[in-house]
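Here are some notes to read beside the model.

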Amino acid sequence: MAMVGLFWIAEGDVYVGAKPVGLAPGVRLTTEGVLALGDKQTGMWPWEDVHALTIDDVPVKTLKRHVGAAVDMVLTVGLGGGDEAPTMTVRVTDATGTETELTAYTAAAVGYSRTEYDLSRTLLSRLTEGAGSLLTTLTAMSDWGRRREGGSPRAGEREALLREWAGRSGAFEES
């Protein structure tokens, strides 16, 4: 299992955010479509019906967030505080403009880097470009996950993988 950008790749499965456990909410990307997981959200959107796939409420890493997360961890673990993990919103928009909001837990405790966030958004957009882009991209992500051993790669490798999967080589132009 490994985190690359906003994606959790466990063997051949690709999730937006953390892989859900039990009845926890989550979003899985399959070659057939976008699958809502969890107790309070259900649904399957075939890729041909997905017009846009976006994410909001994603914690982006800043010094303030890093210090805040450390304080939250001390309060939660040390003082018996709540155990709520941060979530993000995944929006699935179909061809008619109907938007469905799904929830997924984030996999990065102190947030994602701005570069990984931006590259992940680009990658999600690529998945809605058509069957060729979709199959090539998801297959590359799944194959990488099946071969991966040893947890999540370092930041530079994660960014390089996201660029490769998004079809961008070289430097990333921020949007």
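1. Start with the packing of helix α3 (residues 131-147) against helix α4 (residues 155-165). In this predicted model, their axes lie 9 Å apart and meet at an angle of about 150 degrees. Angles over 145 degrees count as roughly antiparallel, so α3 is roughly antiparallel to α4.

2. Which residues make this contact? From α3 come T137, A140, M141 and W144. From α4 come E157, L161 and W165. By class, five of the residues in the contact are nonpolar, one is polar and one is charged.

3. Stay with helix α3 for S142, which is found there. Is S142 buried or exposed? Its relative accessible area is 10%. Buried means under 20%, so S142 is buried. Neighbours within four places in sequence aside, S142 is in contact with E11, G12 and V14.

4. Now turn to the core. The largest nonpolar core has 42 residues. Those that touch the most other members are F7, V16, L29, V34, W47, L53 and W165. Helix α2 (residues 114-127) gives this core its largest share, five residues.

5. What does V16 touch, if residues up to four places away in sequence are not counted? The set is L6, F7, V27, L29, I55, M88, V90, A104 and L124. L124 is one of the buried residues of α2.

6. Look at α2 itself. The helix has 14 residues. From its first C-alpha to its last, α2 reaches 20 Å, close to the 20 Å expected at 1.5 Å a residue. Its buried residues are E116, Y117, D118, L119, S120, L123, L124, R126 and L127. Note that the charged residues E116, D118 and R126 are in that buried set.

7. Last, the whole chain. The protein chain has four helices and nine strands. Its elements run β-β-β-β-β-β-β-α-β-β-α-α-α from the N terminus on. How much of the chain is buried? Of its 175 residues, 42% count as buried. Among contacts in the chain with a separation of 6 or more, 60% join residues 24 or more positions apart.

Methods:
Residues are numbered from 1 along each chain as its sequence is written. This is a predicted model: local features need pLDDT of at least 70, side-chain atom pairs count only at pLDDT 80 or more; totals for chains, interfaces and linings use all residues. Side-chain values use heavy atoms; hydrogens and water are left out. A nonpolar core is a set of buried Ala, Val, Leu, Ile, Met, Phe, Trp, Tyr and Cys residues joined through side-chain atoms within 4.5 Å. Buried means under 20% relative accessible area, exposed over 50%, partly exposed in between (1.4 Å probe, protein chains only). Helices (H or I, at least four residues) and strands (E, at least two) are DSSP runs, numbered from the N terminus. Contact means heavy atoms within 4.5 Å. Axes are lines fitted to C-alpha atoms, for helices over the stretch in contact, and angles run from 0 to 180 degrees between N-to-C directions. Angles under 35 degrees count as roughly parallel, over 145 as roughly antiparallel, 65 to 115 as roughly perpendicular and the rest as oblique. The expected span of a helix is 1.5 Å times one less than its number of residues.
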